[in-house]
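Hi there,

Here is the structure I promised to pass on.

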Amino acid sequence: MATRQTQGLARLMRAPAIILLFVWMIVPLCMTLYYSFLNYNLLNPGMTSWAGWFNYQYFYTDPAFFESIKNTLVLVLGVLFITVVGGTFIAMLIDKPIWGQGIVRILVISPFFVMPPVAALIWKNMIMHPSYGVLADVARFFGASPVDWFAQYPLTSIILIVAWQWLPFATLILLTSLQSLDTEQMEAAEMDGAPAVSRFLYLTLPHMARAITVVILIQTIFLLGIYAEILVTTNGGPGFASTNLTFLIYRAARLNFDIGGAAAGGIIAVVLANVIAIFLMRAVGRNLD
Amino acid sequence: MARAVTRNAKIGWTIAAWFVALLIFFPILYTIITSLKTEQEAIAGFDLLPSFTLESYQTVQSQNNYVRPFLNSVILSVGSTILALIVAIPAAWAMAFSPTKRTKDILMWMLSTKMMPAVAVLVPIYLIFLRTGLMDTRIGLTILLMLINLPIVVWMLYTYFREIPGEILEAARMDGASLRDEILYVLTPMAVPGIASTLLLNIILAWNEAFWTIQLTTTNAAPLSAFIASFSSPQGLFWAKLSAASTMAIAPILILGWFSQKQLVRGLTFGAVK
């Protein structure tokens with residue numbers, strides 16, 4: 001259908017976006033790779049020299065590195081568990097015949113639109129604060145002593161905050177999927193006397209499997225990059241107890257001015273993200289045709 | 001079709017759903033309530049009834065010059081989205097209406113750029129911004145946010161454009177429409193809703209971006225996300241003030257967000273779930 005003329009025009013129309021993204025992806029990444037092999041500290045820029053694999057070695061032997069990898073995984077998995085399980089149940093609840101469904105939906109998705117620093121500060125000060133927070137008030141009401149969340153359970157606290165931010169996303173996508181479930185099939189199963197648990201396990205869950213996969217993969221990409229929530233609450237501490245890989249690299253670059261080390265960490269983060277990305281591309285790509 | 005639902009079951013489900021919804025919304029609600037309290041009331045223990053004072057809002061404005069970060073947020077989010085649309089509309093258009101064998105590969109590659117962790121390019125971007133004087137400027141951050149969201153913009157537009165039926169174009173051509181007429185009178189009106197949704201979602205994403213805005217601004221170009229992050233080390237009594245600043249930072253986007261629920265699913269899943 002397309003003539004040669006329109007093909008040429010199409011190429012011209014595609015070019016700016018492709019070139020911009022190509023430059024944006026390739027140039028900084030090559031620079032990061034280059035810096036990762038340099039001894040380069042911003043406090044001492046005159047002393048820059050070739051470092052070989054030293055930065056990687058240094059990163060790899062640093063105990064904080066393993067702690068940050070562990071924290072990254074705990075953070076991602078913890079949030080995924082809460083949001084997927086919670087999201088499934090909330091989606092099913094909203095999908096029931098209820099009064100005011102529209103408003104319920106709006107209330108449930110709202111946390112997603114709260115910017116990360118605001119979400120974290122609200123939780124830190126209004127909800128989890130050991131003396132003035134709502135949870136402290138609740139604890140006192142029941143005669144228990146309030147918990148100092150960020151000192152005692154720093155990583156758990158951050159998981160709770162991030163889960164609150166992402167629960168709406170999971171709920172909304174799972175709800176969208178749930179609403180395309182064939183109701184006649186469901187009614188048939190109901191009439192044949194299939195109990196609610198079996199209907200959930202053999203009809204609802206397989207139908208939602210794809211949406212659940214998408215939720216897990218997309219959230220993982222964003223969750224690997226959690227930063228602001230940590231910055232405004234625990235600042236990575238106590239020690240490295242709530243430092244994830246993103247935060248560790250930020251610390252190396254911005255607080256220690258260690259350009260080489262931060263770049264090596266950045267390359268490690270790319271490798272980690274790529275492993276996950278491969279799975280996502282497959283899942284999303286299948287749906288393209 | 002209609003299933004017989006007993007009234008009692010409906011009441012039960014309604015109560016359960018509202019309970020969960022209010023629980024999830026509570027932190028936001030409580031922030032709004034606290035913003036209407038005085039600082040003394042704010043730390044006086046749990047209370048859902050504020051004295052409805054606007055004192056904190058005035059303090060935030062007079063002490064911190066709230067207008068500046070707010071304007072920066074507007075400029076950065078709207079500016080970067082419009083820039084992205086200017087680049088993305090032709091690209092998505094070409095890919096949707098004259099696809100080639102490689103179109104799918106290009107789209108997947110664009111998606112893959114979104115998966116590069118921001119922190120991986122923190123070092124070079126930071127150094128580039130330092131050396132070129134882009135640090136703490138609106139123009140630098142606008143371009144950066146544009147690049148970050150460009151893949152999502154192209155993808156969203158592509159999924160919308162692809163739904164415009166080709167038969168309509170053929171019909172228009174049969175009726176003697178020129179290419180210009182085709183684009184102006186047939187395609188554009190059908191594309192506008194998709195473009196509007198894309199615009200909306202990307203303003204939201206850019207508004208809430210909090211990694212680069214914190215890394216690359218200090219005061220001049222700092223949008224609300226960076227401004228609020230600076231509240232992390234409190235000086236003196238500040239619960240009500242924090243709440244007021246937070247309420248103002250999230251209110252516009254919360255309202256925009258409520259209108260874009262459906263597009264949210266589509267945009268963030270790259271069309272994988274509709």
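**A loop in chain B**

Let's begin with B:Ser51, which sits in the loop of chain B that runs between α2 (39–42) and α3 (55–64). Keep in mind from the start that this is a predicted model. B:Ser51 has a relative accessible area of 38%, so it counts as partly exposed. Setting aside neighbours within four places in sequence, B:Ser51 is in contact with B:Leu36, B:Lys37, B:Thr38 and B:Glu41. If you go 100 residues along the chain from B:Ser51 you reach B:Pro151, and the C-alpha atoms of these two are separated by 47 Å.

B:Phe52 is in the loop between α2 and α3 of chain B too. Its phi is worth a look: the value is near 55°, which is positive, and the residue is something other than glycine. B:Phe52 counts as exposed because its relative accessibility is 57%, and the cut-off for that class is over 50%.

The mean pLDDT of chain B is 85, with 95% of its residues at 70 or more. For the complex, the predictor gives an ipTM of 0.86 and a pTM of 0.88.

**Where the two chains meet**

How many residues of each chain are involved in the contact? On the chain B side there are 102, in contact with 95 residues of chain A. The area buried between the two chains is about 9300 Å², and carbon and sulfur atoms give 79% of that. In chain B, the residues that lose the most area to chain A are B:Ile24, B:Met115 and B:Trp239, yet together they account for 7% of what that side buries.

Helix α1 (residues 7–35) of chain B gives the most to the side that touches chain A, with 19 residues. Sorted by class, that side of chain B has 73 nonpolar, 18 polar and 11 charged residues.

What about specific pairings across the interface? Between chain B and chain A there are zero salt bridges.

You'll find B:Thr113 in helix α5 (residues 103–113) of chain B. Is B:Thr113 buried or exposed? Its relative accessibility is 6%, so B:Thr113 counts as buried. Leaving out neighbours within four places in sequence, B:Thr113 is in contact with A:Leu21 and A:Met25 from chain A, and with B:Pro151 from chain B. The side chain of B:Thr113 also reaches the backbone oxygen of B:Met110, at 2.6 Å.

**Salt bridges**

Over all chains, the structure holds two salt bridges.

One of the two joins the side chains of A:Asp137 and A:Arg140, at 3.1 Å from N to O. These residues both lie in helix α6 (residues 134–141) of chain A, three residues apart, which is about one turn of the helix. A:Asp137 counts as buried because its relative accessibility is 16%, while A:Arg140, at 40%, counts as partly exposed.

The side chains of A:Glu190 and A:Arg199 also meet in a salt bridge, with 3.6 Å from N to O. A:Glu190 is partly exposed at 34% relative accessibility, whereas A:Arg199 is buried at 17%.

A:Asn235 has a positive phi of about 55°, although it is not a glycine. A:Asn235 belongs to the loop between α11 (228–233) and α12 (245–255) of chain A, and at 42% relative accessibility it counts as partly exposed.

With a relative accessibility of 1%, A:Leu75 counts as buried. Apart from neighbours within four places in sequence, A:Leu75 is in contact with A:Ile158, A:Ile159, A:Leu223, A:Ile226 and A:Asn244. A:Pro154 is 79 residues away from A:Leu75 along the chain, and their C-alpha atoms are separated by 11 Å.

Cheers!

Terms used
Residues are numbered from 1 along each chain as its sequence is written. Chains are lettered from A and ligands numbered from 1 in the order in which they are written. This is a predicted model: local features need pLDDT of at least 70, side-chain atom pairs count only at pLDDT 80 or more; totals for chains, interfaces and linings use all residues. Side-chain values use heavy atoms; hydrogens and water are left out. Contact means heavy atoms within 4.5 Å. Buried area is the accessible area (1.4 Å probe) that two parts lose on being put together, summed over both. A salt bridge is a side-chain nitrogen of Lys or Arg within 4 Å of a carboxyl oxygen of Asp or Glu. Helices (H or I, at least four residues) and strands (E, at least two) are DSSP runs, numbered from the N terminus. Ala, Val, Leu, Ile, Met, Phe, Trp, Tyr, Cys and Pro count as nonpolar, Asp, Glu, Lys and Arg as charged, and the others, Gly among them, as polar. Buried means under 20% relative accessible area, exposed over 50%, partly exposed in between (1.4 Å probe, protein chains only). A polar contact is a pair of N or O atoms within 3.5 Å; within protein, one must be able to donate a hydrogen and the other to accept it, and residues adjacent in sequence count only if both atoms are side-chain atoms. pLDDT is the predictor's confidence in each residue, from 0 to 100.
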